[in-house]
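Please look through the sequence and the structure below before reading on.

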Amino acid sequence: MGREIQTLLLSHKHIHLRWLKAHVGYSGNECSDQLAKEAITKGDPFPLHKPLSYLKFEIKSAALSIWQDKWDNRETVRSTHDIVPRASNKPLGWNREELMFVTGHGPFPSYIHRFSLRTHDNCSCGGKGDPMHYAIKCRFTISWHFQTPTVSLKLQWLKNILTNNLSRTRLRLLMRFICDENNLIVEDNN
């Protein structure tokens, strides 16, 4: 940059550079001081426009950050948060049945009871009608049972099921049975 300026000065003989004492009333010097002060207080007088791709990236990053903060600080959906701790706009590849099982939002007595649409949350077999009950305990779903996890490894157990294709297939079949045979596994509300 310095050589370019030097070349320009040498090619334009009418331009002269010289030292001036600051703040003694030279109008050009006073004007440049004023412009420098404005630049400091008002920001860049020559804003550089950012490319659209950069702006899109910044907006996406900010939105994901806000989403992550809300996801981390919610009172509900803690079980889902444990399995999917990072907010992302990329699909997980889970189907409807897997989502119902992980979230517990489905034809489960425990879920329906939360909305006072049932007087209790029991399965017809007498156990608590939540997703884990049907996956490991219920006598009506023995064909699809998984090995019972220890309490401390329950989260890892569920992650393993969701990453293993054979287990995911069994989980989908279990959920389809629960949806199709809901009258069999859900005790009458009377």
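Arg118 counts as buried because its relative accessibility is 8%, where buried means under 20% relative accessible area, exposed over 50%, and partly exposed in between, with a 1.4 Å probe and protein chains only. This is a predicted model, in which local features need pLDDT of at least 70, side-chain atom pairs count only at pLDDT 80 or more, and totals for chains, interfaces and linings use all residues. Residues are numbered from 1 along each chain as its sequence is written, and side-chain values use heavy atoms, with hydrogens and water left out.

Arg118 belongs to the loop between α6 (109–114) and α7 (131–136), the helices being DSSP runs of H or I with at least four residues, numbered from the N terminus. The side chain of Arg118 comes to 3.3 Å from the backbone oxygen of His120, and a polar atom of that side chain lies 3.5 Å from the backbone oxygen of Asn122. By contrast, the C-alpha atoms of Arg118 and Thr41, which are 77 residues apart along the chain, are separated by 65 Å.

Another loop, the one between α7 and α8, holds His145. A polar atom of the His145 side chain lies 2.7 Å from the backbone oxygen of Cys138. Leaving aside neighbours within four places in sequence, His145 is in contact (heavy atoms within 4.5 Å) with residues including Tyr134, Cys138 and Arg170.

We now turn to the pockets. On a 1 Å grid over the protein atoms alone, a pocket is an open set of points where a 1.4 Å probe fits, with protein on both sides within 12 Å along at least five of seven lines, and lining residues have an atom within 4 Å of a point. The largest pocket has a volume of about 540 Å³, and of the 22 residues that line it, Ser79, Phe101, Val102, Thr103 and Gly104 are the closest to its centre. At least two lining residues of this largest pocket come from each of α4 (78–83), α5 (96–103), α6, α7 and α8 (154–163), and α4 gives the largest share, 5 residues.

The second largest pocket holds about 230 Å³ of space. Among the residues that line this second pocket are Trp67, Trp71, Arg86, Trp94 and Thr103, while α3 (52–72) and α5 each supply at least two residues of its lining.

Definitions and conventions:
Polar contact = N/O pair within 3.5 Å; in protein donor to acceptor, adjacent residues only side chain to side chain. Points joined across faces, edges and corners; volume = space filled by probe spheres on them.
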